[in-house]
Structure formats: C-alpha cells, structure tokens
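Here's a quick walk through one model, taken a piece at a time. Have the structure open while you read.

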Amino acid sequence: MTSPVGQQRERQDQDQRRTGAVAVRTTGLRKSFDDTEVIRGVDIDIEPGTILGLIGPSGCGKTTTVRLMTGLLEPTEGSATVFDTDACRLSSSDRARIGYLPQTPALFPELSLDENLSFHASMYGMRLRRRDRLDQLLEWVELADHRKKRVVDASGGMQRRLALAAAFVHDPEVVFLDEPTAGIDPILRDKLWTRFREQAADGRTLVVTTQYVGEAGQCDQVGLLSDGELLLLDTPTNLRRAAFDGEVVDVRLDRPLTDEEVADIGSKPFVVGSIERTSPTGLRIVVDDAGRAMQQLREAIDVCDASVVDMDEHLVDYDEAFLRVVQRHRSASTTSEEVAA
Ligand SMILES: Nc1ncnc2c1ncn2[C@@H]1O[C@H](COP(=O)(O)OP(=O)(O)OP(=O)(O)O)[C@@H](O)[C@H]1O
C-alpha cells in the first residue's frame, strides 16, 4: 500500500531517522482520576517507522496511555507529544496525520461496512481515488466480500476489522491502535501483524496495545506496563532476557549433584543468576550467553565426576517473560512497602 504520499513520507521519515527525531514522546507522564493515580511517570520515545507494543495486565493503563498520547486526555503531570507538539494542542492538519482505533469504535449500526468506511473517508475530505482506497482497505482487513452487510449484522470481529480499516483510511503517519487484534482469529491476527509491519516499513509509526503477550515479538519495542508503571521498554529479545536477567540453560545429569557441587557451578563467572533444581537430577541455570556457557558447563560438570544426559537452552516465551517481570516487580514493591512500614 505504498502511495505517492506514503513514499514522500518514507523519505521524510528517513530524514527524521537520520536526525534522531521521535514521532511520539512521553515525558514524566502521569494521570490521576479523582485521587487515584493510574499512570505513574511514563517516559517513552518512539522513533518514526517503528512499532511500539504496549502490553500489560487488564487495567494496567494501556488505554489511558494511548489516550494521553493522542491528546484525548490531558495529563495530570508531564507531557505527551506527537510530531514534537503537545498532543493536546495539535493543529487540525497535524491531527489529520494521526490515525486512532479506540477500544470502542464509533460505527453506524444501520449503515453497511462500505458506507461506514466511506463516511470516515469523507470526514477527512477524501475525494480523489477514494473508491480505490476503500476497496484496498476492505481487502486489507478481508471484508471485501461483506461490504454490503450492515454493521448491526456483522460479527464483533468484523466490526473490529472495519474500525481498523477506518483508522488507516486517510493514510496517517502515526497510528494508535487500541487492541486491534482482540477477538480476531489467530490466522487473521498473524496476517494483520504482517500488514502492520509493512506499514512500519513504509515509514509509519504504530503504537499498538494488546493483551496477547505473544504479539510482543512482532514489535520493534515493547513497553510493559503494570499498575500504571512502565516496568520495561526494550526490544522483544531483551524482554525475554529480562525475565531471568540472562539466558537460561536446562541440564539433566546422570546423578543428583550435592549442594556444594551446585554452589561451585554457581560461582563460575559465566553463571549470572540463580541455579534452580527442576527435578532430582535437573538444573535450570541462568548464564550470560547460552551458546558459550553450554561447553563451559559440561567442563564444570565433568570436574564433579558427573555426566550430562541432556542439555539445552530454555527459550523463554513472551508469556513466561511477561509473568516473571511483573511478579518480580510486584514482590519487590511488597518488600519495599514492608521495609517502609
Ligand atoms: N475515565 C476514567 N475515570 C476513572 N478511572 C478510569 C478512567 N479511565 C480509566 N480508568 C482507570 O484507570 C485504570 C487503567 O485503565 P485502562 O483502561 O487504561 O487500562 P487497560 O490496561 O487499557 O485495561 P484493559 O486491558 O482491560 O483495557 C483502571 O483502573 C481504570 O479503571
């Protein structure tokens, strides 16, 4: 879907990338409703042409963060900027460079899918080549065969896809998508992510919230929110590393090691975290680099006069990584509250 406008923006975004510009930035962002603070000091920089995924448990503040970034909510403290301008003070022409899929999209139930999309296009004053654009978008979200269906007769997933198409109708440069894949089957979800990646490759910037933690792997940067705090902002690979503060190797031996032998292995420089007994003869060891450490571990186990039955890197999946980072943060907060009390 690279239009001439898209190509021009790609060039502009490449220029911005060279100068280190950011498309969206939050600085010390805080938001309270009544006396309850729900966003607690969030700092995020999003480079043009990248996808930021916001993940976190229900109620952690994903939607509120997105609404602050779009300027729909005013922060209590700190700021959110888009194109270097306060999000609450964007001009109407800058607003037209932004797309937004809210969690509860506004669709006209009695109008057809096609008419709804057409209405969104007309709001942006689109006339030229509008039909082509709408056809393209309906294909994009696999609704072309249902275009005549009224929204009221469409499934929840179809309505979501229609709203997603509407967020892109005016070819925006920065797009905020609040749970775009909720209620969509895994095959189409995967296709949509391929399309989001194409959009980013075309120079557009996407902020995507999701409750499907595995989708973190599709993003350039992942922001992990918990109770309104940004626990981590990093690449998906580093999110996995953060779960154990290193890489993880699982080893099974021909006999149980004694506590002294385990402590001896734990003192080796390539072991950077805990050693956990996973069974009488099984160990889970956190190391700096799994590839290198496996040979060094074999040597250390040889010295103990034991043999390795099998040894493999434990590939942490995103769900496990997410759970561990959130649980670690929650237990650290509880401990510091107990110390303070
Ligand atoms: N307008 C509001 N008034 C009062 N509280 C609000 C308002 N909007 C959000 N909240 C509260 O702020 C917190 C964060 O809500 P938010 O919708 O941002 O979470 P979320 O991570 O998007 O959740 P979910 O994944 O369930 O959509 C919640 O405790 C919610 O109840």
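## The sheet

Strand 1 (residues 24-33) and strand 2 run antiparallel and are joined by eight bridges. Strands here are DSSP runs of E with at least two residues, helices are runs of H or I with at least four, and both are numbered from the N terminus. Keep in mind that this is a predicted model, where local features need pLDDT of at least 70 and side-chain atom pairs count only at pLDDT 80 or more, while totals for chains, interfaces and linings use all residues. Residues are numbered from 1 along each chain as its sequence is written.

The open sheet has four strands in the order 2-1-4-5, with antiparallel pairing (two strands pair if DSSP finds at least two bridges between them). At the edges sit strand 2 (36-46) and strand 5 (85-86), each pairing on one side only. F33 has T36 in strand 2 as its bridge partner.

## Around the ligand

F33 also turns up in the shell around the ligand, along with V38, G56, S58, G59, C60, G61, K62, T63, T64 and Q211 (C-beta atom, placed from the backbone, within 6 Å). Helix 2 (residues 62-70) gives the most to this shell, with three residues.

## Two packed helices

Helix 4 (residues 113-123) packs against helix 6 (residues 156-168) at an angle of about 25 degrees, their axes 9 Å apart (axes are lines fitted to C-alpha atoms over the stretch in contact, and angles run from 0 to 180 degrees between N-to-C directions). L113, N116, L117 and H120 of helix 4 make the contact with L162, A165 and A166 of helix 6 (C-beta atoms, placed from the backbone, within 7 Å).

Notes
Two residues are in contact if their C-beta atoms, placed from the backbone, lie within 7 Å.
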